[in-house]
Amino acid sequence: MPTAAPSRLTHLLLLILAVGALAVVLAVLPYRTFELDRFFIPKEVVLHNTALLAGLVACIGLRQLRLSAADDVLLAFFALSLLSGLLAGNGWLAFRGISITLSSLVVFWTCRRLASNGLGRPMVAILVIGTLVGAGTALLQAYGLSSDMFSLSRAPGGTFGNRNFMAHLAAIGLPLVVALTLQTRNRIAGLAGAAAVLVLTGAVVITRSRAAWLGMASSMVFFAIAGLWIGGLARDPQIRRRLGMLGAGAFLGAALALALPNSLNWRSDSPYLETLHDVANYKEGSGKGRLLQYENTLRMSLAHPILGVGPGNWAVSYPRYAPKRDPSLDQDDGMASNPWPSSDWMTFLSERGIFATACLLLALLGLGIRSWRRWQSSPLKVDNLQILALPAVLLAAVTCGAFDAVLVLPIPALYVWAAAGVLSPVEPGAGRVVELSGRRRVWLVGSFAVFGVAAAVRSGMQAAAMGAYEQAWKIGDAERAARLDPGSYRIRMFLAQRYYSRGDCVRTRLHASRAHDLFPEAPRPKRLLAACGAPRSSGDH
C-alpha cells in the first residue's frame with residue numbers, strides 16, 4: 001500500500017528518538033578526572049547521533065517543508081549563532097556549542113513530524129519515562145546507592161553529575177505528567193500519574209535546587225490559572241478527582257523527601273528551610289555571587305553586542321572582565337570555575353549577542369502563545385490538555401534557565417525541544433511552504449549530513465580522548481589523547497607540564513602555546529612559556 005513505507009519510516013523515527021531520549025539520561029563515562037565532561041560528553045554523543053539518524057530518516061521522501069513563523073525565527077537564531085561561532089576565539093568550544101544548538105533544532109523538527117503523523121502522544125509518554133528514570137537515579141543515590149556512574153561532589157545528581165541539572169529536568173517534565181494524568185479516563189493510569197508526581201516532587205525537593213523549585217512553581221501556577229480557572233477545567237468532577245490524586249502525590253513526595261533519612265551530608269541542620277529562606281537572597285552567598293557574575297557578564301555583552309564572544313566562549317573571555325577576587329573565578333589558576341554563567345540567558349546574550357538571544361526568546365514565546373491559543377479554541381479541552389502543557393514546559397525551562405544552565409546542556413536541550421516539536425505541529429494549510437527541488441534537496445540534506453557527522457565524530461573523539469588520558473601511563477598515551485581532542489586545555493597543560501619537568505622546552509612551548517591559544521587569559525600557559533623563554537604576545541599583560 002502507498003502509506004506502508006511512510007508509516008514504517010515514522011515508526012522508525014519514533015524508535016530512534018525514543019532510544020535517544022532514554023540513552024541521553026543514562027549515558028556516563030567512568031573517568032573521574034573529567035568530573036563534568038564525563039557526564040556531558042557522552043550525553044552529547046547521544047544527542048548528536050540521535051539528531052543525525054532522526055534527521056536523515058525524516059529527509060527520506062521529503063519534497064517540501066512547511067515553516068511557521070517560529071521556524072523562521074529559529075533559523076535566524078541558528079544563522080546568527082553560526083556566524084558568531086566563525087568569529088569566536090576558541091573554535092573548538094564554538095563548534096561544540098553550535099552542534100548542540102543544531103542537534104536540538106533537528107530534534108524539534110523531527111518530533112514535529114512525529115506529531116503530524118499521529119505519534120505525538122507516544123513520544124510524550126517516552127519523555128515522561130525518561131524524566132522519571134533520571135529522577136530515579138538521583139533518588140537512588142540520595143538513599144544510599146553508590147556507583148561510579150554518579151558524581152560525589154554534587155549529589156544527588158544521579159547520572160546527571162549535578163543535582164541541579166537533574167532537578168531542572170524533573171521540573172520541566174512535570175507539566176507533561178500533569179497533562180497526561182488529568183486527561184486519562186483510566187483509574188490505574190491516574191494512580192500511575194500520581195506516583196510519577198510523587199517521584200518528581202520528591203526528587204526536586206531533595207536536591208535543594210532553587211531554580212528547579214521556582215521552575216516547578218511557575219509552571220504549576222500557569223497550569224492552574226490557564227487550565228483550571230480560565231479554561232474552566234475545575235468544574236469537571238473527573239478533573240477535580242485527578243487533581244486530588246496529583247495533589248496527594250505532590251504532598252507525599254515532598255513529605256517523604258523531608259522526613260526520610262538520606263545519605264546526603266548537608267552542612268546545615270535545617271537545609272531545606274535554609275534553601276527556602278534563601279530563594280530570593282541576593283545579599284550574600286550564591287545569590288550575591290550570581291549578581292556579580294551577571295554584572296561582569298553584561299559588561300562582556302556590551303563589549304560584543306552584535307555577535308557576542310562566540311558559542312561556548314564565555315569561560316574564555318570572562319576573566320578579562322572580572323576582578324581577581326570574583327567568586328566565579330578559580331582562585332588557584334584565575335580561570336572561570338564553570339564553562340558557562342549561572343543563567344542560560346546570560347550565556348546566550350554574552351556568547352551570541354543581542355539579536356540571537358532575542359530570536360530565541362521570541363521563538364519560545366511564539367510557540368507558547370500559539371499552543372495556548374490552539375488549546376483555547378479546542379472544543380475538547382480535556383482530551384487536548386497536552387497542548388496546554390507546552391507553555392508550562394517552556395515556562396519551567398525559561399525560569400530554570402534564568403538561574404542555571406539549561407538549554408545549553410544536552411539532556412534538557414533534547415527534552416525541551418522534543419516536547420516543543422511534539423506539542424506544536426504545523427497545522428495543515430498553515431505556514432510557509434518551501435518546495436525542495438532536486439538540487440535544493442541535495443544541498444540541504446548534504447549540508448546537514450556533513451555537519452551532523454562532524455558533530456557526532458567530534459564528540460566521539462572527545463570521549464575517546466578522555467579514555468586515553470585516564471589510562472595514560474606513558475606520555476605517548478597523553479599525546480594520543482591530545483591528537484584525539486586537540487581542543488582539550490586539560491590535556492595540553494598536562495603535556496606541557498610533563499615536558500617542562502623533563503627539561504624539554506621545545507615540546508613544552510608547543511603544548512603551552514596551544515593551551516594559551518585556547519584560553520588566552522589563563523596564567524599557567526603564560527608562566528610555562530615564560531620559563532622556556534618564549535616571547536610574550538602583545539595581549540599578555
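Ala179 is buried, with a relative accessible area of 1%; here buried means under 20% relative accessible area, exposed over 50%, and partly exposed in between (1.4 Å probe, protein chains only). The model is a predicted one, in which local features need pLDDT of at least 70 and side-chain atom pairs count only at pLDDT 80 or more, while totals for chains, interfaces and linings use all residues. Residues are numbered from 1 along each chain as its sequence is written, and side-chain values use heavy atoms, with hydrogens and water left out.

Ala179 belongs to helix H6; helices (H or I, at least four residues) and strands (E, at least two) are DSSP runs, numbered from the N terminus. The C-alpha atom of Ala179 is separated by 5.2 Å from that of Gln386, although the two residues are 207 residues apart along the chain. Gln386 is also one of the residues that Ala179 touches, together with Phe223, Leu385 and Ala389, when residues up to four places away in sequence are not counted. Contact here means heavy atoms within 4.5 Å.

Ser219 counts as buried because its relative accessibility is 0%. Leaving aside neighbours within four places in sequence, Ser219 is in contact with Ala171, Pro175, Ala392, Leu395 and Ala396.

The nonpolar interior comes next. In soluble globular proteins, nonpolar side chains tend to be buried together. A nonpolar core is a set of buried Ala, Val, Leu, Ile, Met, Phe, Trp, Tyr and Cys residues joined through side-chain atoms within 4.5 Å. The largest such core has 114 residues, and those with the most contacts inside it are Met123, Tyr415 and Trp417. Helix H6 (residues 163-183) gives the most to this core, with 13 residues. Another core lies apart from it and has 22 residues, among them Met300, Trp314, Tyr321 and Leu329.

Trp417 deserves a separate description. Its relative accessible area is 4%, so Trp417 is buried. Not counting residues up to four places away in sequence, Trp417 touches Leu74, Ser104, Leu105, Val107, Phe108, Leu360, Leu364, Leu367, Leu407 and Pro412.

Rings of Phe, Tyr and Trp (its six-membered ring) pair if their centres lie within 6.5 Å; planes under 30 degrees apart count as stacked, over 60 as edge-to-face and the rest as tilted. By this rule there are 13 aromatic pairs. Phe108 and Trp417 form an edge-to-face pair, at 5.6 Å centre to centre with 75° between the planes. Phe108 lies in helix H4 (residues 91-116) and Trp417 in helix H15 (residues 410-422), so this pair ties together parts that are 309 residues apart in sequence. Phe108 is buried, with a relative accessible area of 0%. Elsewhere, ring pairs link Phe34, Tyr469 and Phe494 into a cluster.

Charged side chains form the next topic. A salt bridge is a side-chain nitrogen of Lys or Arg within 4 Å of a carboxyl oxygen of Asp or Glu, and a search of the whole structure finds nine of them. One joins Arg32 and Asp148 (3.7 Å, N to O). This pair links distant parts of the chain, 116 residues apart: Arg32 is in the loop between helix H1 (4-26) and helix H2 (37-59), and Asp148 in the loop between helix H5 (120-142) and H6. Arg32 is partly exposed, with a relative accessible area of 32%.

Glu521 forms a salt bridge with Arg320, the closest N and O atoms being 3.1 Å apart. Because Glu521 lies in the loop between helix H19 (505-518) and helix H20 (523-531) and Arg320 in helix H12 (residues 314-321), the pair ties together parts that are 201 residues apart in sequence. Glu521 is partly exposed at 25% relative accessibility, and Arg320 is partly exposed at 43%.

What of Arg242, and which side chain of opposite charge is nearest? Arg242 is in helix H9 (residues 237-259). Arg242 is buried yet has no salt bridge, and the nearest side chain of opposite charge is Asp236, 9.2 Å away; Lys and Arg count as positive and Asp and Glu as negative, while His and the chain ends are not counted. Leaving aside neighbours within four places in sequence, Arg242 is in contact with Thr181, Leu182, Thr184, Arg185, Asn186, Arg187 and Gly190. For Asn186, the backbone oxygen lies 3.4 Å from a polar atom of the Arg242 side chain.

Terms used. A polar contact is a pair of N or O atoms within 3.5 Å; within protein, one must be able to donate a hydrogen and the other to accept it, and residues adjacent in sequence count only if both atoms are side-chain atoms.
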